[in-house]
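Welcome! Please take a moment to look over the chain before reading on.

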Amino acid sequence: MQAMSVQQPWAFAIARGGKSVSNQSLPTAYRGPLLIHASMRVDLKACDSPLIQAAGWDPRDPLATIGAIIAVADLTDVCSAGGRACECGPWSEPGLHHWHLADVRALPRPIVALGRPGLWEPKATLVTEVTAMFTATAALNNAT
């Protein structure tokens with residue numbers, strides 16, 4: 001499993017708002033599960049973006065936190081169209097690589113963690129904590 005740090009409110013939009021493309025400066029050969037880490041930086045100008053507002057941005061939401069894992073997604077594809085037009089949707093920015101995210105699962109609560117720029121490998125204890133949280137939530141849902 002890998003992880004990537006994303007500035008808020010973009011991380012929130014992935015976790016809650018259907019943002020299925022992450023714009024990155026570099027491509028990756030990695031495909032598979034990806035922890036979404038809300039970095040310690042906030043893109044304040046983006047908070048007023050119509051896309052972010054449509055995604056339901058709410059700074060009071062626990063997943064609007066910074067410095068924490070807030071979701072898990074599957075990295076399924078990377079579009080490297082460069083400056084050419086592509087069909088990656090409204091979240092894609094021209095000139096960047098579009099990392100396609102699918103099956104996004106927001107965590108029931110954020111898990112505080114240090115992130116890094118780019119794609120990074122999370123500690124095994126962090127992966128275990130995320131897995132345990134999803135298992136416990138599923139058990140609670142099945143019991144009700």
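Predicted model: local features only at pLDDT ≥ 70, side-chain atom pairs only at ≥ 80, totals over all residues.

Residues are numbered from 1 along each chain as its sequence is written, and side-chain values use heavy atoms, with hydrogens and water left out.

**The sheet**

Let us begin with the strands. Helices (H or I, at least four residues) and strands (E, at least two) are DSSP runs, numbered from the N terminus. Two strands count as paired if DSSP finds at least two bridges between them. Strands of a sheet pair through backbone hydrogen bonds, either parallel or antiparallel.

Here, 6 strands make an open sheet with mixed pairing, in the order S2-S5-S4-S3-S1-S6. Its edges are S2 and strand S6 (119-120), each of which pairs on one side only.

| Strands | Sense | Bridges | A facing pair |
|---|---|---|---|
| S4 (residues 68-79) and S5 | antiparallel | 9 bridges | Leu75 and Leu101 |
| S3 (residues 32-42) and S4 | antiparallel | 7 bridges | Ile36 and Ala71 |

**A residue on the edge strand**

Asn23 lies in strand S2. Is Asn23 buried or exposed? With 17% relative accessibility, Asn23 counts as buried, where buried means under 20% relative accessible area, exposed over 50% and partly exposed in between (1.4 Å probe, protein chains only).

The side chain of Asn23 makes polar contacts with backbone atoms: one reaches the oxygen of Trp91 at 2.8 Å, and another reaches the nitrogen of Glu93, also at 2.8 Å. A polar contact is a pair of N or O atoms within 3.5 Å; within protein, one must be able to donate a hydrogen and the other to accept it, and residues adjacent in sequence count only if both atoms are side-chain atoms. Leaving aside neighbours within four places in sequence, the residues in contact with Asn23 include Ser92, Leu96 and His98; contact means heavy atoms within 4.5 Å.

**The nonpolar cores**

A nonpolar core is a set of buried Ala, Val, Leu, Ile, Met, Phe, Trp, Tyr and Cys residues joined through side-chain atoms within 4.5 Å. The largest one has 29 residues, and Met4, Ile36, Ile70 and Leu101 have the most contacts inside it. Strand S1 (2-8), helix H1 (10-16), S3, S4 and S5 each give two or more residues to this core. The biggest share, 6 residues, comes from S4. Apart from this core lies another, of 11 residues, among them Leu35, Ala113, Trp120 and Val130.

Not counting residues up to four places away in sequence, Met4 touches Ile14, Leu34, Trp99 and Gly118, among others.

**Aromatic pairs**

How many aromatic pairs does a search of the whole structure find? The search finds 2. Rings of Phe, Tyr and Trp (its six-membered ring) pair if their centres lie within 6.5 Å; planes under 30 degrees apart count as stacked, over 60 as edge-to-face and the rest as tilted.

Trp10 and Trp91 have ring centres 6.3 Å apart and planes at 85°, so their pair is edge-to-face. Trp10 is in helix H1 and Trp91 in the loop between S4 and S5, 81 residues apart. Trp91 is buried, at 11% relative accessible area.

Phe12 and Trp57 form an edge-to-face pair too, with 5.3 Å centre to centre and 85° between the planes. Because Phe12 lies in helix H1 and Trp57 in the loop between helix H2 (50-54) and S4, this pair ties together parts that are 45 residues apart in sequence. Both Phe12 and Trp57 are buried.

**Cysteines**

A disulfide is a covalent bond between the sulfur atoms of two cysteines. Counted as pairs of cysteine sulfur atoms within 2.5 Å, disulfides number 0 here. Cys79 is buried, at 16% relative accessibility, and Cys47 is buried at 13% relative accessible area.

**Two backbone details**

The peptide bond from Gln8 to Pro9 is cis, with omega near 5°, and Pro9 sits in the loop between S1 and H1. Asp103, in strand S5, has a positive phi of about 50° although it is not a glycine.
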